[in-house]
Amino acid sequence: YHSVLAVTWPCVVIIGVLLIISAISIVTLSATRAYVAGNSLWTRAEREVSSLLIAYRRTGNPEMLAELNAQMNVLLGDRAARLELVKSRPNDALARRGLLAGGNHPDDIQSMIWLFRAARLLGLGEVPLRIWGEADEQFLQYVPLEQTAVALRSRGELSTAELNDWVERVHLIHEPLAQLEQRFASSMEDYARKLTAFLLGFLAASTAVLLTAGFVVSRRVLHRAGAMAATLQAVQNQIFAEQERAHVLLGSISDAVISTDRHGTIEFLNGAAERLTGWSATEARGQA
């Protein structure tokens, strides 16, 4: 067992490290997918907010106001998560709460937090993060507009001019956000390509380094094993030679010599012993 492990451990280490790298790559790409899905949720929520602000201002339907608040919470949740994660010592619980409020799947939250930190550390996510921040600042203009919609709605019906003015105010917020959403989506695609290239390069470089190290270590192990085998063979040959010389010496003397093991079983007879006992060495060997 130990001899097999001594030869195979470099391969085991290489396979283990490659599996870890592959797992990290899969988690990273999965987290990237989660951010793309999160952007879709953000975009849909923003469009819902813009349309609901107009619809509620026109109808005053309380159900629309409740839905408006729900969609605003999606945007506010993502903003809270971003603001927490950019801190030097972020609180993961607060970031998780914000991402959950943003509608992201619970199973993706931890990998999203991990990728956010890794991207900032490697400097790969600066553009998407900057656009995200710009979109948050633009989105915040919806907050006082929502409060204004509630206050103005209590005054009764709107004139066509008032409604048109309201629609224009909403569009002035929505149109820049729509452009930022497209920029963010494009930057995430570019980020995903860069990240994929980085991971493939890292995996290739790691594989080359590990295989080279494994080859060197395996070669040393095999060389050492070969040297030990050669030494053992030399010792065995020396023992056999000494034994043969001893047999020749014992066979040439005139006194009878019988050699036994510790149990009294005959192992060797010289010529004098064969003549004395009448047994050949072959017949006597193994007799008690």
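On a 1 Å grid over the protein atoms alone, a cavity is a set of points where a 1.4 Å probe fits but cannot get out, whereas a pocket is an open set with protein on both sides within 12 Å along at least five of seven lines, and lining residues have an atom within 4 Å of a point. Grid points are joined across faces, edges and corners, and a volume is the space filled by probe spheres set on the points. The model is predicted, so that local features need pLDDT of at least 70 and side-chain atom pairs count only at pLDDT 80 or more, while totals for chains, interfaces and linings use all residues. Residues are numbered from 1 along each chain as its sequence is written, and side-chain values use heavy atoms, with hydrogens and water left out.

The largest pocket holds about 190 Å³ of space. Its lining consists of 15 residues, and Ile-24, Thr-28, Leu-122, Phe-198 and Leu-199 are those nearest the centre of the pocket. At least two lining residues come from each of H1, H4 and helix H7 (160-252), where helices (H or I, at least four residues) are DSSP runs numbered from the N terminus. In the lining there are 13 nonpolar, 2 polar and no charged residues; here Ala, Val, Leu, Ile, Met, Phe, Trp, Tyr, Cys and Pro count as nonpolar, Asp, Glu, Lys and Arg as charged, and the others, Gly among them, as polar.

Aromatic contacts come next. The structure contains 3 aromatic pairs, counted when ring centres of Phe, Tyr and Trp (its six-membered ring) lie within 6.5 Å, with planes under 30 degrees apart taken as stacked, over 60 as edge-to-face and the rest as tilted. Tyr-35 and Trp-132 form an edge-to-face pair, because their ring centres are 6.5 Å apart and their planes stand at 70°. This pair links distant parts of the chain, since Tyr-35 belongs to helix H1 (residues 2-59) and Trp-132 to helix H5 (residues 126-139), 97 residues apart. Tyr-35 is buried at a relative accessible area of 10%, and Trp-132 is buried at 12% (buried means under 20% relative accessible area, exposed over 50%, partly exposed in between, with a 1.4 Å probe and protein chains only). Phe-116 and Trp-132 are also edge-to-face, with centres 6.2 Å apart and planes at 75°. Phe-116 is buried, as is Trp-132, and ring pairs join Tyr-35, Phe-116 and Trp-132 into a cluster.

The structure also has 5 salt bridges, each a side-chain nitrogen of Lys or Arg within 4 Å of a carboxyl oxygen of Asp or Glu.

| Asp-108 | Arg-33 | 3.2 Å |

Asp-108 lies in helix H4 and Arg-33 in helix H1, so their bridge ties together parts that are 75 residues apart in sequence. Asp-108 is buried, with a relative accessible area of 13%, whereas Arg-33 is partly exposed at 43%. Glu-84 is likewise buried, with 7% relative accessible area, while Lys-87 is partly exposed at 44%.
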